[in-house]
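Good morning, and thank you for coming. Please look at the sequence and the model on the screen while I speak.

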Amino acid sequence: MAHTKIFAHRGFSEKYPENTMTAFEYAAAAGADGIELDVQLTKDGVPVIIHDRHVNRVTSGKGRVNSFTVKEIQALQMKEDKNERIPTFEEYLDWSKNHSLLLNLELKTELTDRSFIKELILPLLEKYEVEERTIISSFDHKALMVAKQQKPHIEAAALVHQAMVKPEAYLNLLGVEGIHFESSTLLMHEAQQLQERGVAIRPYTVNTRDKMMQFFTWGCEGIFTDYPDLALELRDQRFMAT
């Protein structure tokens, strides 16, 4: 029986500052199957790991991510822990060499910067030899097409936050293998239909026991959660009971 994979959403973000190396390290220590993180560019074109377009919510600074150089953005203190800072994507990849973690890379793009995918992101995945354990996702579906055109062997998934009409046809149009859906937007029979056709489905963000058990029962390929420790505990309990 295949296990639903547990992706630590922005690392172990329920206990540690999101998208920091500490959050990633503790997610790995907890036994998560994979890490979900968000990448966008600084002013000087360095991929860094941060979710929001602005630094205001999570750091001591104010302004858009792409208004800071990498040196400037890494000088900011994280609000949850002043000793933490925003890591570069390459820092994460260098650390991940010592782990077998899956990587869900969410691309945060601007309408003017899709070229950074093939010029910066894809070469880093190749350099650190993580292509085979990477899933590229984005709400910018044109970005996914760019990635798949350059590296068709790297798995990709469309991020969606609303119910879709004819999702299989749309995913085929994009040329991607999976769909990452807001957890309340897909019914069980719809999920089963997609799975029967080979689509990898992974809901986000799954933080309650009931929802975790629901998606384990559905046989989802993976879930994204801020509570990887709880998800792993429940998954083990369910496996032992079957």
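Is Glu129 buried or exposed? Before I answer, a word on the source: this is a predicted model, in which local features need pLDDT of at least 70, side-chain atom pairs count only at pLDDT 80 or more, and totals for chains, interfaces and linings use all residues. Residues are numbered from 1 along each chain as its sequence is written, and side-chain values use heavy atoms, with hydrogens and water left out.

Glu129 is exposed, with a relative accessible area of 70%. Here buried means under 20% relative accessible area, exposed means over 50%, and partly exposed lies in between, with a 1.4 Å probe and protein chains only. Glu129 sits in the loop between helix 4 and strand 5 (134–138); helices (H or I, at least four residues) and strands (E, at least two) are DSSP runs, numbered from the N terminus. Its phi is positive, about 55°, although Glu129 is not a glycine. Most residues other than glycine have a negative phi.

Asn19 also has a positive phi of about 55° without being a glycine. Asn19 belongs to the loop between strand 1 and helix 1 (21–30), and it counts as buried because its relative accessibility is 2%.

Asn19 brings us to the largest cavity, whose lining also includes Glu18, His51 and Met78. On a 1 Å grid over the protein atoms alone, a cavity is a set of points where a 1.4 Å probe fits but cannot get out, and lining residues have an atom within 4 Å of a point. The largest cavity holds about 40 Å³ of space, a volume being the space filled by probe spheres set on the points, which are joined across faces, edges and corners.

Next, helix 4 covers residues 115–127. A kink of about 30° lies at Ile121, shortly before Pro123; the bend at a residue is the angle between axes fitted to the seven residues ending there and the seven starting there. The buried residues of helix 4 include Phe116, Ile121 and Leu125.

Finally, consider strand 9, residues 222–225. Gly222 and Phe224 on one side, and Ile223 and Thr225 on the other, are all buried. Strand 9 pairs with strand 1 (residues 5–9) in the parallel sense over four bridges, where pairing requires that DSSP finds at least two bridges between two strands. Within strand 9, Ile223 is the bridge partner of Ile6.

Technical notes. 1 Å grid on protein atoms, 1.4 Å probe; cavity = no way out; pocket = protein on both sides within 12 Å on 5 of 7 lines; lining within 4 Å. Expected span 1.5 Å × (residues − 1).
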